[in-house]
Amino acid sequence: MGAFQGNLTYKLFFVEGELPDDWKDRYLQSIRKFSFEELTPDSEEEEAMGWVSVLRPLQTDFVLNNVVYDDFLCLGLRKDRYTLPSDLLKAHLEELQREFMRKNEKQRLSKFEREDLKTIVKRRLKEQTLPKMKVTDMVWQLSAKRVRYWSQSASQVEVFQEFFEDTFGLNLLPASPYIYALQNDLDDDELTNLATVEPANLVTGSPTIDY
C-alpha cells in the first residue's frame with residue numbers, strides 16, 4: 001500500500017515537537033539503525049520489520065537523496081513473516097520424532113528434545129519457502145508536521161506509530177477535530193474553552209428523504 005500507487009486511504013498524524021538542527025544527519029543514522037533486515041531460515045525469528053526505500057522495497061542502503069524529497073521524508077515500513085502451515089508442520093514434526101526415537105531406542109521424548117526437533121523442522125520448512133512481504137508507505141511533510149501512513153488497520157497503525165517514535169524520537173498525535181484545533185495557536189482562554197467542549201447533535205427532528 002503506497003503513496004505513489006494504489007488507493008488514497010491513509011491515516012493522518014500530527015508530529016509533536018520540533019526538528020533538531022542536525023535532523024538530516026541524525027535521522028539518516030536512525031533510519032539506518034531501524035532499517036529492514038532479511039529473515040533467514042536459521043534465525044528463530046519468524047517475522048522482521050524495518051524501513052526500506054519508498055520506491056524500492058529491497059533497498060536499505062539509505063542516503064539523504066532517497067529519503068528526503070523537497071519538503072517530504074518518505075519511507076516504506078516493510079514487514080516480512082514466515083507462514084508455515086500448521087498441519088504440514090505437525091506432520092513433519094511427528095515423522096522426525098518417530099525417526100529420532102527409533103534411532104535412539106527411546107519410548108518418550110523430553111521437553112528439550114521436542115523443542116529441539118521442532119526447531120529443526122521449522123528451519124527445514126523455512127528453507128523451502130519464502131516469507132510473505134508487506135510494505136506500507138509513510139510520508140512526512142516536514143514543514144507542516146504532518147505524517148501520512150497508508151493503512152487504516154488499527155493494529156498496523158499502532159505498530160507504525162510506536163516504530164516512528166522509536167526511530168525519530170518525536171511523538172505522533174492521530175488527527176482528530178481536537179488535535180486540529182490545537183494546531184491553530186489558540187490562546188489560554190480558547191484552550192480552556194476547548195477542553196470543556198461537549199459533543200452536540202446539530203440535526204433536529206427526523207430526517208426525510210424525497211424521491
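Against which helix do the buried residues of H3 pack? The buried residues of H3 pack against helix H2 (86-103), where contact means heavy atoms within 4.5 Å.

## About the model

This is a predicted model, in which local features need a pLDDT of at least 70 and side-chain atom pairs count only at pLDDT 80 or more, while totals for chains, interfaces and linings use all residues. Residues are numbered from 1 along each chain as its sequence is written, and side-chain values use heavy atoms, with hydrogens and water left out. Helices (H or I, at least four residues) and strands (E, at least two) are DSSP runs, numbered from the N terminus.

## Helix H3

Helix H3, which covers residues 111-127, has 17 residues and reaches 25 Å from its first C-alpha to its last, close to the 24 Å expected at 1.5 Å a residue; the expected span is 1.5 Å times one less than the number of residues in the helix. Buried in H3 are Glu113, Leu117, Val121, Leu125 and Lys126, where buried means under 20% relative accessible area, exposed means over 50%, and partly exposed lies in between (1.4 Å probe, protein chains only). An α-helix has 3.6 residues a turn, so residues three or four places apart point the same way.

Strand S4 (residues 72-81) is mostly covered, since seven of its ten residues are buried. Two strands are said to pair if DSSP finds at least two bridges between them.

Strand S3 (residues 68-69) runs antiparallel to S4 and is joined to it by two bridges, with Leu73 in S4 as the bridge partner of Val68. S3 and S4 form a hairpin with two residues between them. Asp70 lies in the loop between S3 and S4, and its phi is near 55°, a positive value in a residue other than glycine. Asp70 counts as exposed because its relative accessible area is 79%.

## The nonpolar cores

A nonpolar core is a set of buried Ala, Val, Leu, Ile, Met, Phe, Trp, Tyr and Cys residues joined through side-chain atoms within 4.5 Å. The largest such core has 26 residues, of which Trp51, Leu73, Met138, Trp140, Phe160 and Phe168 touch the most other members. The elements that give two or more residues to this core are strand S1 (11-16), helix H1 (23-33), S4, S5, strand S6 (146-149) and helix H4 (154-168), and H4 gives the most, with five residues.

Leaving aside its neighbours within four places in sequence, Phe168 is in contact with Tyr27, Ile31, Trp51, Leu73, Leu75, Met138 and Trp140. In soluble globular proteins, nonpolar side chains tend to be buried together.

## Pocket and cavity

On a 1 Å grid over the protein atoms alone, a cavity is a set of points where a 1.4 Å probe fits but cannot get out, whereas a pocket is an open set with protein on both sides within 12 Å along at least five of seven lines; lining residues have an atom within 4 Å of a point. Grid points are joined across faces, edges and corners, and a volume is the space filled by probe spheres set on the points.

The largest pocket has a volume of about 250 Å³, and of the 14 residues that line this pocket, the closest to its centre are Met49, Lys79, Lys134, Thr136 and Gln156. S4 gives the most to the lining of this pocket, with five residues. A search of the whole structure finds one cavity of 30 Å³ or more. The residues that line the largest cavity are Trp23, Lys24, Tyr27, Leu28, Ile31, Leu64, Val67, Val68 and Leu73, and H1 gives the most to this lining, with five residues.
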